[in-house]
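Reader: I'd like to learn how to read a structure like this one. Could you take me through it, one feature at a time?

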Amino acid sequence: MFNSNLSDAIDYNKTQEPTRNRFEVREVEVYDDFYNIDTTKFFGIKEIVKVTRNTYLKNTDHFSSEISFYISSKKMSAREYNIGIRSHWSVESMHYVKDVTFGEDASLIRSGNAPTNFSIIRNIAINVLRRQNYLNFPQAIRMLGGNIKKLCCLLE
């Protein structure tokens, strides 16, 4: 088990981010002392990154805390890790919407350029909905699905 102590961290970064209906505080600690970790099992390990996310949901008055650890083969600052990890999850959220809402992984479209073309169409749909500030994609699709005039207005 990795036991961290803030004073042992070689770098630290903290961000506070208010978003739509939540307030999130992210703390990133970087370590290069691996204590009792067998580094032969993790070839090329340079640093361990600990990310603590504390989230407060304004609507429900709910607080959650999550700790994640990352192994890195690269040396970077805590700020760079914070930005990189955060941007990675924005990409993952796009894949989540494409799979869960649009069922991309279950799609039977598999020949020629069709899978790529439909993926592009899904990306366009997601970006159009995000641009219009829709927060709930399934609900937006139900509301807009049969309304051609409204769909055309979104593309203007």
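Reader: Let's start with D61: why does D61 count as exposed?

Author: The general idea is a set of cut-offs: buried means under 20% relative accessible area, exposed over 50%, and partly exposed in between (1.4 Å probe, protein chains only). D61 has 57% relative accessibility, so it counts as exposed. One thing to keep in mind is that this is a predicted model, where local features need pLDDT of at least 70 and side-chain atom pairs count only at pLDDT 80 or more, while totals for chains, interfaces and linings use all residues. Residues are numbered from 1 along each chain as its sequence is written, and side-chain values use heavy atoms, with hydrogens and water left out.

Reader: Where is D61 placed?

Author: Helices (H or I, at least four residues) and strands (E, at least two) are DSSP runs, numbered from the N terminus. D61 sits in the loop between β3 and β4 (62-72).

Reader: What should I look for in its backbone?

Author: Look at phi. Most residues other than glycine have a negative phi. D61 isn't a glycine, yet its phi is positive, near 60 degrees. N133 is another non-glycine residue with a positive phi, about 65 degrees.

Reader: Where does N133 lie, and is N133 buried or exposed?

Author: N133 lies in the loop between α2 (114-131) and α3 (137-144). Its relative accessibility is 64%, so N133 counts as exposed.

Reader: And T52, is that buried or exposed?

Author: T52 counts as buried because its relative accessibility is 11%. Its place is in strand β3 (residues 47-57).

Reader: Which residues does T52 touch?

Author: Contact means heavy atoms within 4.5 Å. Not counting residues up to four places away in sequence, T52 touches V25, R26, E27, S65, E66 and I67.

Reader: How many helices and strands does the protein chain have?

Author: It has four helices and four strands. From the N terminus on, they run β-β-β-β-α-α-α-α.

Reader: Which residues make up the largest nonpolar core?

Author: A nonpolar core is a set of buried Ala, Val, Leu, Ile, Met, Phe, Trp, Tyr and Cys residues joined through side-chain atoms within 4.5 Å. Here the largest has ten residues: M94, V97, I126, V128, L129, Y134, F137, A140, L144 and L154. At least two residues of this core come from each of α1 (78-100), α2 and α3. There's also a second, separate core of seven residues, including V28, V30, V49 and A78.

Reader: Can we zoom in on L144: what is it in contact with?

Author: Leaving aside neighbours within four places in sequence, L144 is in contact with L129, Y134, K150, L151 and L154.

Reader: What radius of gyration does the protein chain have?

Author: This radius is taken over C-alpha atoms, and the globule rule is 2.2 Å times the number of residues to the power 0.38. The protein chain has 21 Å, whereas a compact globule of 156 residues would have a value near 15 Å. Its C-alpha atoms fill a box of roughly 60 × 45 × 25 Å, taken along the principal axes. Of the 156 residues, 27% are buried.
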